[in-house]
Amino acid sequence: MDYRYLPFFILVFAPLSLLPYTFAAYVWHLLDTLAIVVAVVSIASIYRTEFPGRAKVWSVAFFTVAPYFAMALDYGNVQLIVTAMMFAGLSLALKRRDVPAAALLAIATAVKIVPAVTLVYFAITRRFRLLGLVIVIIAALNLLPSVYFGIAGNTELVARWYDHVIRGQEFHETNGPINLSVKGQLRRTFTEVDYTRRVDGDYRYPAVNIATWPVSTIDRIWLALSACSALAGLGLIWWSSSSRRAGALRDVDQGVALEALPLGLLICLMLFVGPLTSKVYLVALLWPVVAVAMAAWDQPLVRRVLVATALLSSVLPLMPGRNIQRLLLVAGVDFYLSTVIFALLAFTLVRSTRARLRLRHVAGAAGDKVATSEY
């Protein structure tokens, strides 16, 4: 099998196997649809303060991510459910509701390992109680299937999952969906990809490479670029969180909304540097798009780039022809669109952090002046 999940996932959804296939498919589709609602409501709950551009922000977000949500619904992919739980857990964590947040983040991570990357943010912001709860719940969830499979059987299943999903990356690189992370883009651009090796016969993709460098060389470049991007991104998140702690906001809702921005950056970083980013993974862009639009809609540059990204994202999938769509996929249009959102988030986070530091400096100088005059 191309995709494998941990035993916890098997047991949770095993009851669907007792239903007629068509009915089980409708139940699964309903779960995916509810997941979209949960994802949207979770993000919307972060932004309680009204402002005139709210409807425009959500319209831009809709047209940016609608193709990815439509694909995930069509495939019936569990990524929608995992993403919804991750968004719900993150929004609750920002509101300091640690127990339900930890439970949701742990369940999402126990189904797919990707949400674990977001936990780095809570390490940077010193939310160690939340991190501890997540780790304990993840351990419990992965031990739970031992009741059915036995300790030895469950351990063997987890080991097989690790070998196939974590260690066996090359299998997924060859046979999985087109990789839209920087690793996949580098390989398609600078190496000769042999699509005929795919075991499912899905090999009619055009070559878009401009060079034929060794794969090992490109992978070293990917590792170096990923390491630099990760260090820069995490450093920016640390700098931003430090400035927020130093100048604590009295408006709680505003503080929660500001924290959504670095989390959006972390989500984009996860999609950018990951060893394999499938197109359905880009449903997670909903959080970053809303976060950057809410924070910088008054900036003409950010607003125009977001609108252009939304137009491209929604129009290109409508271009007719299987060959055109395959070309757009391997050319990495979705990769570049997500990278643009990544860059906008980084730009907006730097700008907002500098503005916050300037305000604090001005306030501090004013306070010193008042104190001096009183003396």
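Predicted model: local features only at pLDDT ≥ 70, side-chain atom pairs only at ≥ 80, totals over all residues.
**View 1. Cavities in the model as a whole.** Rolling a probe the size of a water molecule over the atoms shows where empty space is left. The count comes to 5 cavities of 30 Å³ or more, a cavity being a set of points, on a 1 Å grid over the protein atoms alone, where a 1.4 Å probe fits but cannot get out. Grid points are joined across faces, edges and corners, and a volume is the space filled by probe spheres set on the points.

**View 2. The largest cavity and its lining.** This cavity holds about 110 Å³ of space, and its lining residues (those with an atom within 4 Å of a point) include Lys279, Leu312, Gln325, Asp334 and Leu337. Helix H15 (300-315), helix H16 (322-331) and helix H17 (333-374) each supply at least two residues of this lining, where helices are DSSP runs (H or I, at least four residues) numbered from the N terminus. The lining divides into 7 nonpolar, 2 polar and 2 charged residues; Ala, Val, Leu, Ile, Met, Phe, Trp, Tyr, Cys and Pro count as nonpolar, Asp, Glu, Lys and Arg as charged, and the others, Gly among them, as polar.

**View 3. The second largest cavity and its lining.** About 60 Å³ of space lies in the second largest cavity, and among the residues lining it are Gln79, Met86, Pro115, Met270 and Tyr281. Two or more lining residues come from each of helix H4 (79-94) and helix H13 (252-273), and H4 gives the most, with 4 residues. This lining has 8 nonpolar and 2 polar residues, and no charged ones.

**Notes on the views.** Residues are numbered from 1 along each chain as its sequence is written, and side-chain values use heavy atoms, with hydrogens and water left out. Local features need pLDDT of at least 70 and side-chain atom pairs count only at pLDDT 80 or more, whereas totals for chains, interfaces and linings use all residues.

Methods:
1 Å grid on protein atoms, 1.4 Å probe; cavity = no way out; pocket = protein on both sides within 12 Å on 5 of 7 lines; lining within 4 Å.
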